[in-house]
Amino acid sequence: MRRLDPDAKLGGPSYRMTVFVIRRLMQSVVVLLVMSLLVFVGVFAIGNPIDILVNPQADQAEMARATAALGLDKPLWLQYLIFLGNAFRGDLGRSFVFNQPALQLIMERLPATLELAVAASVLAIVIGIPCGLYAGLRPHSLAGKAITAGSILGFSLPTFWVGLVLIMVFAVQLGWLPSTGRGTTVRVLGFETSLLTLDGLRHILLPALNLALFKMALVIRLARAGTREVLPLDYIKFARAKGLSPRRIILVHVLKNIMIPIVTVIGLEFGSVIAFAVVTETIFAWPGIGRLIISSIGLLDRPVIVAYLLFTVMMFVVINLAVDILYSVLDPRVRFGEAKS
């Protein structure tokens, strides 16, 4: 008699993947609700935008009318309930300063930030993984030691200082690259992009390199550590004993197994690149959402601040969900464990 698998009731891979995705979606909804409360209370409980938006010479009646027009005369809990109801309809409020939907202001500047984040992530991957592999395969060589030391330096240098140095060297002294602005853009699928023009690529190179430095160092360290951990394992020795070429061993066996932590980190770091590109966008005058949030904080433009923070939280949740799904594809034990629990 054939022995039944005790885990057969869990169904096939598609069932386990469905359970995995549904649980992640439920967790994501809870996270968004909790964060919306924390963000709203944290932002709306600080300062009074009326003091900035209304002329200081205005009388109390005019200030009261402005407060009522912005909905700031209601209790904080009622403001949150109104905000939550509007948020479910896709309305995150109107900017006090620009008198436009806050989400629209963010979406107008999002393509510039996205292309900067994509360029920085591509640089980190294209440079970081090969350098990390080389440093892991030849850790005692001069180049391997130099790559390891460079990755440590990449962790240590502050972003704003590196950005200023890049401008001084490549823009001011050598004059090779522009230091500010986005350059020439073209419209693709309704969005402006500078990645398809030579002038745009020249403008994005310095800020992308500045933003990618920390991520590049992180990828190098992960790839190096993963390579050093995988090389002594039995399946690598078996692959060598079978007579496989070093190239095939590295590209198929080593690279595939070290990519699991790298994929996770790159996915999560992509969200942080978008969320924390404020310094780079400010230094290089890049017209993204980072510069928008800096000006909104200075003017206490609460709807824009809240919309930005919630958009950032939602972006992290979506990226984290995508990374979890990709992780489960690379390592099926993840979704199997979720289905069992």
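In which loop is Leu189 found? Leu189 belongs to the loop between β1 (186-188) and β2 (191-193); helices (H or I, at least four residues) and strands (E, at least two) are DSSP runs, numbered from the N terminus.

## Basis of the report

The structure is a predicted model, in which local features need pLDDT of at least 70 and side-chain atom pairs count only at pLDDT 80 or more, while totals for chains, interfaces and linings use all residues. Residues are numbered from 1 along each chain as its sequence is written, and side-chain values use heavy atoms, with hydrogens and water left out.

Leu189 counts as exposed because its relative accessibility is 81%. In this report, buried means under 20% relative accessible area, exposed means over 50%, and partly exposed lies in between (1.4 Å probe, protein chains only).

Leu189 is also one of the residues of a nonpolar surface patch, together with Val188, Phe191, Leu195, Leu196 and Leu201. The accessible area of these residues together is about 610 Å². Such areas come from the Shrake-Rupley method with a 1.4 Å probe, and for residues only the protein chains shown count as cover. Patches are made of residues with over 30% relative accessible area and no salt bridge; like charges are joined within 9 Å, and nonpolar side chains (Val, Leu, Ile, Met, Phe, Trp, Tyr) within 5 Å.

## The cavity

A search of the whole structure finds one cavity of 30 Å³ or more. A cavity is defined on a 1 Å grid over the protein atoms alone, as a set of points where a 1.4 Å probe fits but cannot get out; lining residues have an atom within 4 Å of a point. The largest cavity holds about 70 Å³ of space, where a volume is the space filled by probe spheres set on the points, and grid points are joined across faces, edges and corners.

The lining of the largest cavity consists of Ser121, Ala124, Ile125, Lys215, Leu218, Val219, Val265, Ile266, Glu269, Phe270 and Val273. At least two of the lining residues come from each of α5 (102-137), α8 (198-230) and α10 (246-275). With five residues, α10 gives the most to this lining. Eight of the lining residues are nonpolar, one is polar and two are charged. In this classification Ala, Val, Leu, Ile, Met, Phe, Trp, Tyr, Cys and Pro count as nonpolar, Asp, Glu, Lys and Arg as charged, and the others, Gly among them, as polar.

## Salt bridges

How many salt bridges does the structure hold? There are three, a salt bridge being a side-chain nitrogen of Lys or Arg within 4 Å of a carboxyl oxygen of Asp or Glu. One of them joins Arg182 to Glu115, with the closest N and O atoms 2.8 Å apart. Because Arg182 lies in the loop between α7 (159-173) and β1 while Glu115 is in helix α5, this pair ties together parts that are 67 residues apart in sequence. Both partners count as buried, Arg182 at 14% relative accessibility and Glu115 at 5%. Glu115 also stands 7.3 Å from Leu195, C-alpha to C-alpha, although the two are 80 residues apart in sequence.

Another salt bridge links Glu108 and Arg109, whose closest N and O atoms are 3.8 Å apart. Glu108 is partly exposed, with a relative accessible area of 46%, and Arg109 is partly exposed as well, at 23%. In helix α8, Arg202 and Asp199 lie three residues apart, about one turn of the helix, and their side chains meet in a salt bridge (4.0 Å, N to O). Arg202 is partly exposed at 33% relative accessibility, and Asp199 is partly exposed at 27%. Arg202 is 19 residues from Gly183 in sequence, and 7.8 Å from Gly183 in space, C-alpha to C-alpha.

## The loop between α11 and α12

Ala285 lies in the loop between α11 (278-283) and α12 (289-298). The phi angle of Ala285 is near 50°, a positive value in a residue other than glycine. Ala285 counts as partly exposed because its relative accessibility is 25%.

Phe284 and His203 are 81 residues apart in sequence, with 9.2 Å between them in space, C-alpha to C-alpha.

How values were computed: 1 Å grid on protein atoms, 1.4 Å probe; cavity = no way out; pocket = protein on both sides within 12 Å on 5 of 7 lines; lining within 4 Å.
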